[in-house]
Amino acid sequence: IGGHPKPQAGPTKPAGVDRIIAVGSGKGGVGKSTVSSNLAVALAREGRRVGLLDADIYGPSQPRMMGVSKRPGSPDGKTIIPLQAHGVTMMSIGLMMDPNKAIVWRGPMLMGALQQMLGQVQWGELDILIVDLPPGTGDVQLTLCQKTQLTGAIVVSTPQDVALIDARKAIDMFNTLHTPILGLIENMSTFHCPNCGHEAHIFGEGGVRKEAEAIGAPFLGSLPIDLDTRLAGDGGTPIAATDSPMAEAYRQLARRFIE
Ligand code: ADP
């Protein structure tokens with residue numbers, strides 16, 4: 001893993017993969033990885049063949065969130081066999097690296113690693129491959145949008161202005177690269193106090209829906225701040241894999257992609 005990307009003729013797609021959907025945010029920490037893993041699991045529970053590629057190369061969270069730590073095998077030294085977790089075929093750069101070491105790579109190495117993740121991993125037959133992007137608008141996003149036949153991108157944001165400002169930049173990047181915006185998701189919309197039932201809008205209210213309306217993109221839904229979601233992610237079993245009410249919220253979100 002690493003090295004320089006090979007020059008390619010045009011955008012490609014792993015053989016056998018039907019749709020590739022990138023999940024981006026502008027800002028980190030808004031729940032992009034949480035939404036990616038839960039959406040993947042929810043789609044799998046709806047009977048779809050789903051892959052999850054953790055392309056958040058600087059801070060790969062999916063091994064922890066999906067509860068996998070095994071290094072993927074490479075029987076011939078060329079192809080990489082992805083792992084299976086909660087009904088999802090998954091691969092993360094984090095599984096090939098020492099989790100306690102920082103990845104200090106320049107753009108070409110990042111782009112090479114991403115292309116290996118897409119080209120050498122044996123994804124098999126998939127209806128949907130979800131790609132959890134790093135935050136921001138850098139080399140990984142650029143490579144993915146230009147070298148891969150993406151169906152489109154989802155942008156996750158909290159309703160807070162500082163997150164929305166960065167989400168707008170991500171949207172602008174996808175527009176510039178002619179990647180269709182499939183929709184916006186508002187994460188951490190509300191908080192229901194478990195003691196008194198009061199509903200608080202900790203990060204503001206409705207900002208992402210307004211943004212979607214302003215740019216003419218679909219608003220896909222909002223997800224509350226939820227302790228069980230955080231605990232489930234930290235524990236390696238995404239909340240969508242459980243029978244919590246949040247699992248139903250993710251299933252509803254997933255159905256919007258397979259209507
Ligand atoms: P990003 O991928 O945007 O950096 P993460 O998905 O890693 O964000 O989420 C950041 C932190 O917030 C994680 O600890 C995650 O468990 C938590 N988190 C994300 N979404 C929610 C939510 N809806 N409710 C509670 N905690 C959440």
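Modeller: Gly29 is found in the loop between strand E1 (17–24) and helix H1. Keep in mind that this is a predicted model. Val30 belongs to that loop between E1 and H1 too. Gly29 has 12 C-beta neighbours inside 10 Å, so Gly29 counts as exposed. The cut-off for exposed is 12 or fewer. Val30 has 28 other C-beta atoms within 10 Å, so Val30 is buried. The cut-off for buried is 20 or more.

What does the record say about this stretch? UniProt, in an unreviewed entry, places the feature "binding site" at Gly26, Lys27, Gly28, Gly29, Val30, Gly31, Lys32 and Ser33.

Next, look at the ligand. Which residues come nearest to it? There are 17 residues around the ligand, and the nearest are Gly31, Lys32, Ser33, Thr34 and Arg230. Two elements give two or more residues each to this shell: helix H1 (32–45) and helix H7 (227–235). Sort the shell by class and you get four nonpolar, ten polar and three charged residues.

Now follow H1. H1 has 14 residues. From first C-alpha to last, H1 reaches 20 Å, close to the 20 Å expected at 1.5 Å a residue. Is H1 enclosed or open? H1 is largely enclosed by the rest of the structure, because 13 of its 14 residues are buried. An α-helix has 3.6 residues a turn, so residues three or four places apart point the same way. After H1 comes Gly47, with a positive phi near 95°.

E1 pairs with strand E5 (residues 126–132) in the parallel sense, over six bridges. Arg19 stands opposite Ile128 in E5. Strand E2 (residues 50–54) pairs with E5 over five bridges, in the parallel sense. There, Val50 has Ile128 of E5 as its bridge partner. So how well is E5 covered? E5 is mostly covered: six of its seven residues are buried.

Now to another set of strands. Strand E6 (residues 152–157) pairs with E7 in the parallel sense, over five bridges. Val155 stands opposite Leu184 in E7. To get from E6 to E7, the chain passes through helix H5 (residues 161–176), and this β-α-β crossover is right-handed. E7 also pairs with strand E10 (residues 219–223), in the parallel sense over four bridges. Asn187 stands opposite Leu223 in E10. Strand E7 (residues 181–187) is mostly covered, with five of its seven residues buried.

Stop at the loop between H5 and E7. His178 is there. Its phi is near 60°, which is positive in a residue other than glycine. His178 is exposed, because 9 other C-beta atoms lie within 10 Å. Now set His86 beside it. His86 is found in the loop between strand E3 (83–85) and strand E4 (88–92). Phi of His86 is also positive, near 55°, in a residue other than glycine. But His86 has 23 C-beta neighbours inside 10 Å, so His86 counts as buried.

Last, check two pairs across the chain. Gly204 sits in the loop between strand E9 (199–200) and helix H6 (207–215). Gly204 counts as partly exposed, because 16 C-beta neighbours lie inside 10 Å. How far apart are Gly204 and Gln160 in space? Their C-alpha atoms are 5.6 Å apart, though the residues are 44 apart in sequence. Arg64 has 18 other C-beta atoms within 10 Å, so Arg64 is partly exposed. Arg64 and Gln116 are 52 residues apart along the chain, and 22 Å separates their C-alpha atoms.

Key: Residues numbered from 1 in each chain as written. Predicted model: local features only at pLDDT ≥ 70, side-chain atom pairs only at ≥ 80, totals over all residues. Near = placed C-beta within 6 Å. Nonpolar A, V, L, I, M, F, W, Y, C, P; charged D, E, K, R; others polar. Expected span 1.5 Å × (residues − 1). Pairing = 2+ DSSP bridges. Right-handed = clockwise from strand over helix to strand, strands pointing away. UniProt positions renumbered as here; feature names shortened; annotations may be inferred.
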